[in-house]
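Hi everyone, thanks for coming.

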Amino acid sequence: MTVAKLKNSLKNLAEPKRAAVLLRFFQTQKGGYGEGDKFLGVTVPNQRKVANKFNTLTSADLKKLLQSSIHEHRLTSLFIMIHQFERGNHKQKKQLIDLYKKNLRYVNNWDLVDSSAPYLLGNFLRTRSKNILYQYARSPNLWRRRVGILSTFGFIKQGEYKDALAIAIILLNDEHDLIHKAVGWMLREIGKRDKEELLAFLDKHYDTMPRTMLRYAIEKLNQKERAHYMNLMSVVPG
C-alpha cells in the first residue's frame, strides 16, 4: 500500500460535477474561508472505504497525504489516523497526536476539523492537560479555534463539561459564524446529556451570545424553553 496507489484510488472515484458543487459549498473562492482548496468530488463514504483499505500507511505517508493540496487526500489521511489511533498503543497514539498537531495548518476546513478533533485530541487529552485547547481557542486562526472547541466533544461524550463550557466562554465574542455554530453545537450536546447544565449556562450568558450560537444551543429544548430564550434575546439592548 502506497500513497500513490491511494491517490489513484480516490482519483478513480472522482466526480467532476460533484467537485464543482463542493468548490462552492466549502467557499473556495477568493476571500472565502476555504480559499484555494481543491476537490476531486469523492463522497465521504467512498473516502472511508479507501481509508479502510490503506489503513496501514506509515506516519511518513500520512504526513505526505495530509499536506496535499487536494481536500479528499487530507480527509482520507485523517480517517486513517483515527483508525490507527483507536487501535494503537500509547506510543503509537502519541506519535499520531504529534503528527496531527505539527500539521494542524492542513486541517483547514470545518469538515476536516469536525471529523478529526474530537476523535484525536478529544480522546487523547481526556486524562491529560487541556492547556493546548485553550491556546487554540485564543488563536487568530479560525480552524485552530474550531479545533479548540470541537475537541471538547470527546470530553462531553464522557459526561465531562468543564472545559467545553470554559472554552465556550472564551469564544462567546468570536466574530466568525463557523465558531458560533461550533460552540452552539457543543452546548447543545451538553444539554442532551444534562439539561440543567445547559440552562445554567444560557441563563448566565444568553445576553452576550451571538444569535446563531444561541439557536444552535437551544435546538433540542422544548418549544416553550426555546421561545423563552429567543424572547430574552430579542429584548437585549443593541
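Before I go on, some housekeeping. This is a predicted model, so local features need pLDDT of at least 70 and side-chain atom pairs count only at pLDDT 80 or more, while totals for chains, interfaces and linings use all residues. Residues are numbered from 1 along each chain as its sequence is written, and side-chain values use heavy atoms, with hydrogens and water left out.

Okay, aromatic rings. Rings of Phe, Tyr and Trp (for Trp, the six-membered ring) pair if their centres lie within 6.5 Å; planes under 30 degrees apart are stacked, over 60 edge-to-face, and the rest tilted. That rule gives seven aromatic pairs. One of them joins phenylalanine 25 and phenylalanine 26, edge-to-face, at 5.1 Å centre to centre and 90 degrees between the planes. Phenylalanine 25 is partly exposed at 49% relative accessible area, whereas phenylalanine 26 is buried at 6%. Back to phenylalanine 153: its ring and that of tryptophan 185 have centres 5.7 Å apart and planes at 70 degrees, so this pair is edge-to-face. Phenylalanine 153 sits in helix H11 (residues 153–156) and tryptophan 185 in helix H13 (residues 177–193), so the pair ties together parts 32 residues apart in sequence. Helices, by the way, are DSSP runs of H or I with at least four residues, numbered from the N terminus.

For that, NZ of Lys or CZ of Arg must be within 6 Å of the ring centre and within 35 degrees of the ring normal. Lysine 93 does likewise over the face of phenylalanine 85, at 4.3 Å from the ring centre.

Now, histidine 73. This residue is in helix H5 (residues 71–87) and is buried, at 7% relative accessible area. Leaving out residues up to four places away in sequence, histidine 73 touches Lys7, Leu10, Leu40, Leu65 and Ser68, where contact means heavy atoms within 4.5 Å.

And that's my tour. Thanks, everyone!

Definitions and conventions
Buried < 20%, exposed > 50% of the residue type's maximum accessible area, 1.4 Å probe, protein only. Helix = DSSP H or I, 4+ residues; strand = E, 2+ residues; numbered from the N terminus.
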